[in-house]
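Here are my notes for a colleague who has not seen this structure before. Please read them with the model open.

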Amino acid sequence: MSISTALKARREQLRDREAGFTLIELLVVVIIIGILAAIAIPVYIGVQNSAKDSSAQSDLANAKVAINAAYSASTGGSWTALSTTAATNTSAFSKYGWTNGPVDDSATAGGSTSSWCLVEQSGSGTNFYVTQATSPSSTKTADCK
């Protein structure tokens with residue numbers, strides 16, 4: 001075997017070993033993935049909280065429609081006032097579409113539709129309120145004690 005043949009074989013071996021990634025290249029890729037995750041995770045959590053808030057507002061709007069339907073259907077003072085007990089509200093207003101799932105609390109002052117307030121805390125921790133005169137909102141009104 002000649003020296004040039006041996007050198008040529010050695011060069012071939014060295015070329016084959018250079019096919020992998022270096023440690024620096026792998027670290028750069030890991031850092032880039034970490035930066036992308038640091039940007040994407042808070043955005044995802046914000047979207048989740050927004051969905052939870054929308055769900056709470058929708059539940060309250062449905063409860064408001066059921067209460068108004070019950071009041072419209074009442075005759076001669078047979079209006080059933082809201083109760084602070086979820087089970088009582090569910091049985092009284094279920095035929096009007098109120099299932100009272102996550103609606104937490106109600107405050108009432110008798111048999112009119114102008115003095116009630118429903119409260120629901122969304123999964124994000126925000127309280128939402130609805131009354132006869134308002135749409136679901138995170139702002140507490142005078143009717144909500």
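Contact here means heavy atoms within 4.5 Å. The model is a predicted one.

1. Overall make-up. The chain holds three helices and three strands, and their order along the sequence is α-α-α-β-β-β. It has 145 residues, of which 21% count as buried. Among contacts with a separation of 6 or more, 45% are between residues 24 or more positions apart.

2. Strand β2 covers residues 117–121 and pairs with β3 in the antiparallel sense, over five bridges.

3. Strand β3. How many of the five residues of β3 are buried? Four of them, in a strand that spans residues 127–131, so β3 is largely enclosed by the rest of the structure.

4. S122. This residue sits in the loop between β2 and β3. Is S122 buried or exposed? Its relative accessibility is 6%, and since the cut-off for buried is under 20%, S122 counts as buried. Beyond residues up to four places away in sequence, S122 touches K52, D53, A56 and F128. Its side chain also makes a polar contact of 2.9 Å with the side chain of S124.

5. P136. The segment after β3 contains P136. Which residues does P136 contact, leaving aside neighbours within four places in sequence? They are Q57, L60, A61, Y129 and V130. The C-alpha atoms of P136 and S58 are 7.9 Å apart, although 78 residues separate the two along the chain.

6. Helix α2 runs over residues 23–73, and L27 is one of its residues. L27 belongs to a nonpolar surface patch of about 910 Å², made with L23, I24, V28, I31, I32, I35, L36 and I39. The relative accessible area of L27 is 45%. Exposed would need over 50% and buried under 20%, so L27 is classed as partly exposed.

How values were computed
Residues are numbered from 1 along each chain as its sequence is written. This is a predicted model: local features need pLDDT of at least 70, side-chain atom pairs count only at pLDDT 80 or more; totals for chains, interfaces and linings use all residues. Side-chain values use heavy atoms; hydrogens and water are left out. Buried means under 20% relative accessible area, exposed over 50%, partly exposed in between (1.4 Å probe, protein chains only). Helices (H or I, at least four residues) and strands (E, at least two) are DSSP runs, numbered from the N terminus. Two strands pair if DSSP finds at least two bridges between them. Patches are made of residues with over 30% relative accessible area and no salt bridge: like charges are joined within 9 Å, nonpolar side chains (Val, Leu, Ile, Met, Phe, Trp, Tyr) within 5 Å. Accessible areas come from the Shrake-Rupley method with a 1.4 Å probe; for residues, only the protein chains shown count as cover. A salt bridge is a side-chain nitrogen of Lys or Arg within 4 Å of a carboxyl oxygen of Asp or Glu. A polar contact is a pair of N or O atoms within 3.5 Å; within protein, one must be able to donate a hydrogen and the other to accept it, and residues adjacent in sequence count only if both atoms are side-chain atoms.
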